[in-house]
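Here is a short report on one protein and the RNA strand beside it. Take a look at the model, then read on.

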Amino acid sequence: MTQEVRVRFAPSPTGPLHIGGVRTALYNYLFAHKMGGKFIIRIEDTDQSRFVPGAEDYIRESLDWLGIQADESPWTSGEVGPYRQSERKADYMQYAVELVEKGHAYYAFDTPEELEAMRERLTAARVVQPQYNNITRTQMKNSLTLPAGEVQRRLESGDPYVIRVKIPRQEEVRLKDLIRGWVVVHTSTLDDKVLMKSDGMPTYHLANIVDDHLMGITHVIRGEEWLPSAPLHVLLYKYLGWKDSMPEFAHLPLLLKPDGNGKLSKRDGDKLGFPVFPIDWENQKDGASAPGFREQGYLPDALLNFLAFLGWNPGDDRELFTKDELIEAFSLERIGKSGTKFDIEKAKWYNEQYLKNMDNEVLAEFIIADAAKDGFELSKELATAAAALNKERVTFPQELWPASKLLVIAPQSFDEKIASKRWNQDAIKVLNQYISRLGDFEAGFNPESAKEELAAAAEAEEIKMGKVMQAVRLAVTGSGAGPDLMRVFSILGKDEVIKRIEFALSELTSID
RNA sequence: GGUCCGUUCGUCUAGGGGUUAGGACGCAUCCCUUUCACGGAUGAAACACGGGUUCGAUUCCCGUACGGACUACCA
């Protein structure tokens, strides 16, 4: 019997969703769809002190923008909700108590000061790893060392306590990671992690295991930072009697800084000038902000495609994949083992590829909107033509309007360097000849005829057209570089071209 | 420091006991072209190091080096 695949993405609402988190969500999403299973989003908000207002909405909006929809989440319905851990609070304690009763956990009453003192003592004694473990717990205040009566009294009187897992002394924990193979850890290196905090909330470790079990999760696909605590999770599944239904694990390689070493962080983005968050973020409390890919002009499908290839590849040379194609090609086996440096240049390349494949009509909307901000009202026809003219020349949609301005605004000034090099008598003669011919021109004005007329004008003056093209471009656009001139002429229309040339002729003085 | 994970061009990667070690981004040159860009072609550029196993190792094994993660009543 094969059970339905169920995977989850479980972010904490402690700030903006990091781009690495987005990739984790994407891999979960792709795997779920590939396997015909379900993708679940669960909000892990068990740390009240780090809760950031707006963070959950941010997560939702980000994934929404990228089209990473959940089958079950706090914002949709589902059979195994609630999907917010703070709303599942009542569930966790019973499992923690069950562990205590089974002898796999215990109550600990140590104050933060006492814990600190313990660590200092251990450090002073040259213990390399000062931790609360199977050795040190014998000297601390917990239900293992205190008389049963006192434990009972403290519990009843409301003394603050936590519940810690009781890690066995000498045991090997083995777990099979889908990406890394067998990982073996000795329990002597593990510490007695807190399962229930003194505020009555579970820690990640407990909540995660309980919820994954209750929600029927079959595959845990998460970042490599969780690998060290995975043995603890395996132990918990065992102690809770859930070993047979324990999910499979796949720990993803991390996203690294583009330069130097280390994990990709917000600072890297600031320093190198690119976003590390999907969409713009502003902290409602402290006003801290961070730029997002969306606002920078990255297209969702392009970003998705780029992200998918950070640590995964289909095994052949194809690089451009729609979301459906990604789902079809995706497999956990083809995820790499090593960390991946973040290369923004590749992201830009993906954006260019997607941008030039977009419909001109769609791109026209960007141009119309941006032009409106500058006070220009563009027709759909003009904007569409502008999109076709420029979409292969830019990286981001917002570059389209600036690139298209020359179609709307006649040049007021002219590039001096080009003028001083190209504005000569030959150019002036050809231009005069051209506008006079254009004045009489009755047939359809299009790129071909515009060029034919220009060629004829040049020929009449016995001047090679190529020699004066730069000057012609300068006269009509004010610049020495730009899109195909004859297409520009065609969009501008005959009358506007004549007007602009006349203006240039009156403004510029010849170099010879 | 300890535990765990990793290491193919600058970057993302394919490959795998015998290959001219393949592709992509970026870079350079050339072509196309009225310019810039697009596109096309070409080029520079990699198996971390040392042992072993083997007829043969970049590929398998062991070390070393280097990198990373973790080492909280955070996730």
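## Helix 18

The expected span of a helix is 1.5 Å times one less than its number of residues. This is a predicted model. Helix 18 covers residues 447–460 and has 14 residues. From its first C-alpha to its last, helix 18 reaches 20 Å, close to the 20 Å expected at 1.5 Å a residue.

Which residues of helix 18 are buried? They are Ser449, Ala450, Glu453, Leu454, Ala457 and Ala458. An α-helix has 3.6 residues a turn, so residues three or four places apart point the same way. The buried residues of helix 18 pack against helix 17 (425–440), helix 19 and helix 20 (485–492).

Now for the two ends. Asn446 caps the N-terminal end of helix 18. A side-chain oxygen of Asn446 lies 3.0 Å from the backbone nitrogen of Glu448. Just after helix 18 comes Glu462, with a positive phi of about 55°.

## The nonpolar cores

In soluble globular proteins, nonpolar side chains tend to be buried together. Here the largest nonpolar core has 110 residues. Phe342, Tyr434 and Phe489 touch the most other members. Helix 1 (residues 19–34) gives the most to this core, with nine residues. A second, separate core has 39 residues, including Leu99, Val151, Leu175 and Phe249.

What does Phe489 contact, leaving aside its neighbours within four places in sequence? Its partners are Tyr434, Phe445, Ala450, Val472, Val476 and Val497. One of these, Ala450, is also a buried residue of helix 18.

## Around the RNA

There are 58 residues around RNA strand B. Arg180, Lys197, Glu319, Arg393 and Gly482 come nearest. Of the atoms of RNA strand B that come within 4 Å of the protein, sugar and phosphate account for 75%.

An N or O atom in the side chain of Glu319 is 2.4 Å from a sugar or linking oxygen of RNA strand B. For Arg164, an N or O atom in the side chain is 3.4 Å from a phosphate oxygen of RNA strand B.

Several elements give two or more residues to this surface, among them helix 4 (112–124), strand 4 (162–165), strand 6 (181–186) and helix 19 (465–477). The largest share, four residues, comes from helix 12.

Terms used:
Residues numbered from 1 in each chain as written. Chains lettered and ligands numbered in written order. Predicted model: local features only at pLDDT ≥ 70, side-chain atom pairs only at ≥ 80, totals over all residues. Heavy atoms only, no water. Near = heavy atom within 4 Å. Polar contact = N/O pair within 3.5 Å; in protein donor to acceptor, adjacent residues only side chain to side chain. Core = buried A, V, L, I, M, F, W, Y, C linked by side-chain atoms within 4.5 Å. Buried < 20%, exposed > 50% of the residue type's maximum accessible area, 1.4 Å probe, protein only. Contact = heavy atoms within 4.5 Å.
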